[in-house]
Amino acid sequence: MKFAEELKKSFFIASWFILLTFPIMVIQVNTIENIVIWRWHNIILIGLGSFAFSFCWQIFLNKKSSTKLIAPAGLSPLNRLMNEPRLYRPALIIIGLAALIFPFVFSHYQINIMTTALIYVMLGLGLNIEVGLAGLLDLGYVAFYAVGAYSYALLNYHFGLGFWTALPVGALLAAIFGILIGFPVLRLRGDYLAIVTLAFAEIIRLVLENWNAFSFGPSGISNIPRPGFFGRNLTPEQSAIYMYFLLILLCLLTIFIIHRLQHSRIGRAWVALREDELACQAMGIDKTKAKLTAFALGATWAGMAGVIFAAKTTFINPASFTFLESAMILSIVVLGGMGSIAGVIIAALALILLPEYLRVFSDYRMILFGAALIMMMIFRPQGILADMRKKYEFHKTEDSRTIKRDVL
Amino acid sequence: MLKLIDVQTCYGNIRSLKGVSLTVAEGEIVSLIGANGAGKTTTLMSISGIVAASSGQIIFNQQRIERTDPDKIVAAGISQVPEGRRIFPGMSVLENLEMGAFLREDSRKTREDMEYVFDLFPILNKRRHQAGGTLSGGEQQMLAISRALMARPKLLLLDEPSLGLSPLLTNQIFEMIKKINTEQHMTIFLVEQNAYMALKLSHRGYVMENGSIILEGKAAALLTDSNVKKAYLGI
C-alpha cells in the first residue's frame with residue numbers, strides 16, 4: 001500500500017518536472033534557419049531521471065525517520081570521534097604536520113587557494129560569535145570585512161601605514177563599526193535585525209562604490225603592499241608561503257581566543273541571550289553590553305580578515321564585498337553548526353576548497369551549493385558538528401558534595 | 001522593603017498601569033491578584049526594570065530603582081521568575097541554575113545554594129543533565145524558581161507559578177514557596193490568577209483591576225471579602 005503510494009507520488013513529481021523543463025529541454029529554436037526543433041526524446045530521460053530520483057529520495061526519507069526512533073539524535077560520528085582523546089590527539093598532530101608541510105609540497109596556486117580558505121575560516125569564526133553564540137542574525141557581516149580591507153588600503157595609500165600597524169587599526173575600526181551598528185539594533189531581534197544589518201552592509205558598499213574622492217569608487221585601490229618580513233623583499237612565491245603561515249598562526253590565535261570566550265562569563269551570557277532574551281535579563285545579564293560586545297568582537301575578526309585580504313590580493317574594489325559574500329560566510333556558520341568551532345573550520349574549508357577543486361562543475365557551483373545547503377538543513381539541521389558546551393558534573397562523594405568540571 | 005508610589009507604565013500609547021501604589025515588608029508573602037490583563041505582570045516587569053515605568057517611584061531598600069537597568073536591579077537583590085517559566089531550553093538543569101548565579105562570585109556559597117534547591121526539589125537533581133526544554137511543566141516551574149533562588153535574592157518576584165499546572169502540582173509548588181519563605185526568610189511578591197491559592201498562602205494581598213489597585217488588606221480578610229469572593233473566588 002505504502003509502496004504504491006510512493007510510486008504514485010514519484011510519478012506525479014516526474015510529470016511535474018517534465019512540464020517544468022519542457023520549454024528548455026524539448027523546444028530548441030534555431031534562429032539561423034528559423035526552425036523549431038522538438039527534442040521529444042529528452043522528455044523520456046527527464047521523466048525517468050526525476051522518477052528514479054524522487055523514489056530514492058522518499059525511500060531515504062523513510063529510512064531516516066525510522067532510524068531516528070532508535071538512535072539518539074544530536075551527536076554525529078564526528079562528534080563521538082572528537083570525544084575520544086585516543087583518536088583525536090593523533091588526528092590533530094597529523095593535521096598540524098600536514099598544515100606545516102603543505103606549502104612546500106603543493107604549488108603556488110594551491111597555496112593561494114588554501115590562504116583564501118583560511119581567510120574564510122577566520123571570517124566564519126568571527127561571524128560565529130554573532131550568529132552562533134549570541135544568536136544575532138547578521139546578514140551584513142561583509143561590511144566589517146570591507147571596513148578592514150579599506151582601512152588598510154586607504155591608510156597605506158595616504159599615510160604609508162604598514163601591514164602590521166594596519167592589522168590592529170583595521171580590527172579596531174571594524175569593532176567601532178560593529179558597535180555603531182549595534183546601538184540602533186539593540187531592540188531588534190531575529191528577522192528585523194537581519195534586515196537592518198543587510199541594509200547596513202549595502203550602505204557601506206554603496207558609499208565605497210560612489211564616493212570616488214574617498215574610496216576611488218568601483219575602480220578600487222591597487223598596489224597594496226604585501227606584508228613585510230623584517231624589512232626584506234620577498235618573491236611572490238615566498239610571500240605566498242609567508243601569508244599562508246601568517247594565516248595559520250592567526251587562525252590558531254582566533255581558535256584559542258574564541259574557545260576561551262565561549263567558556264567565559266560573557267560567552268555564557270551570549271548563549272543565554274540566544275536562548276531567551278527576557279530570561280537572560282532576569283538573570284541579571286546586561287543585555288546591551290552582551291549584544292554590543294558580540295557585535296564588536298565579531299566585527300574585529302572581520303576587520304583583521306579584511307586587512308589580510310587586502311594584503312593578499314594587493315587590489316580591492318567594492319565588488320569583493322557584495323551580499324553574496326555575507327551569505328557565503330553565513331552559510332559556513334550554519335553548515336558547520338552554530339557555535340561550533342571545529343564545525344565552522346570544516347565548513348569553511350569545504351565551501352571554499354571544493355569549488356576550486358571541482359573546477360569542472362564551476363558553472364553549477366551555486367546550484368550545488370544551494371542543493372548542499374538544502375540537504376544539510378533537512379538531514380542535519382544542527383550542522384556538521386553540533387556545538388558541544390562544557391558540562392558541569394555534580395558528584396555526590398562520601399563526606400561532601402563537590403562539583404567537578406569535565407568535558408562531555 | 002519594596003514600595004511602589006503611584007507607578008504608571010505605558011506600552012506605546014496604552015497606559016497599562018494607572019498609578020499603582022503598594023508596599024512589601026521584609027519577610028512577607030504578598031500577593032497581587034486580578035483578572036487577565038489587569039496589569040499584574042506589567043507591575044512585576046516594572047519592578048524588575050524590564051519594562052521601564054513612565055512615572056512614579058519604585059523604592060527598594062531606601063533606593064529608587066525605577067530608572068535602573070534590569071541587571072543592576074538583579075544585583076541589588078530582586079530576582080524574578082518570569083511568566084511562563086522562561087527557562088533556557090537548550091541548557092541542562094545545572095547550566096540553568098548556574099545562569100541564575102550569573103552575578104555571583106562566591107562559588108562556595110553558590111554550591112551551598114545549589115544543594116539547597118536540590119533538597120527543595122529533589123527531582124531537579126535527578127534531571128540535572130537533562131536539557132531544560134525536555135522537562136515537564138511542573139519541573140520547569142521548579143527549575144525557574146530554583147534558578148531565581150540561585151541569585152540569593154532579598155526579594156523574590158513570582159509571576160503566575162500555577163500557570164498551566166495541575167492542581168496537585170500547584171499545591172506542591174505553593175507549599176515550596178511557603179517553605180522558602182519560612183526557612184530562608186525570603187520576602188516574596190506573588191502575582192497570581194489563582195486568587196484562592198495565592199491568598200491562602202500570603203500574609204497580605206492586593207486586588208488589581210484595569211491597571212489600578214482596587215482593594216488591599218490582610219489575606220485572610222480578603223478571602224472573606226464579599227466583593228473578592230464574588231469576582232475572583234467564584235463563591
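## Reading the model

A crossing of two helices is called left-handed if the near helix is turned anticlockwise from the far one by less than a right angle, and right-handed if clockwise. In that sense, α7(A) passes α13(A) in a right-handed crossing.

This is a predicted model, where local features need pLDDT of at least 70, side-chain atom pairs count only at pLDDT 80 or more, and totals for chains, interfaces and linings use all residues. Residues are numbered from 1 along each chain as its sequence is written, while chains are lettered from A and ligands numbered from 1 in the order in which they are written.

## Domains of chain A

Chain A has domain 1 (2-70) and domain 2 (86-379), with bounds from an automatic or database domain assignment. Their C-alpha centres are 40 Å apart.

## Helix pairs in chain A

Helices here are DSSP runs (H or I, at least four residues), numbered from the N terminus. Helix α7 (residues 163-182) of chain A packs with helix α13 (residues 287-313) of chain A at about 145°, their axes 7 Å apart. Axes are lines fitted to C-alpha atoms over the stretch in contact, and angles run from 0 to 180 degrees between N-to-C directions.

Now meet helix α11 (residues 265-275) of chain A: its axis and that of α13(A) come within 10 Å and cross at roughly 105°. α11(A) and α13(A) are therefore roughly perpendicular to each other (65 to 115 degrees).

## Where the chains meet

The contact takes 17 residues from chain A and 27 residues from chain B. On the chain B side, α2 (70-76), α3 (93-100) and α4 (107-120) each supply at least two residues.

Technical notes:
Contact = placed C-beta atoms within 7 Å. Parallel < 35°, antiparallel > 145°, perpendicular 65-115°, else oblique.
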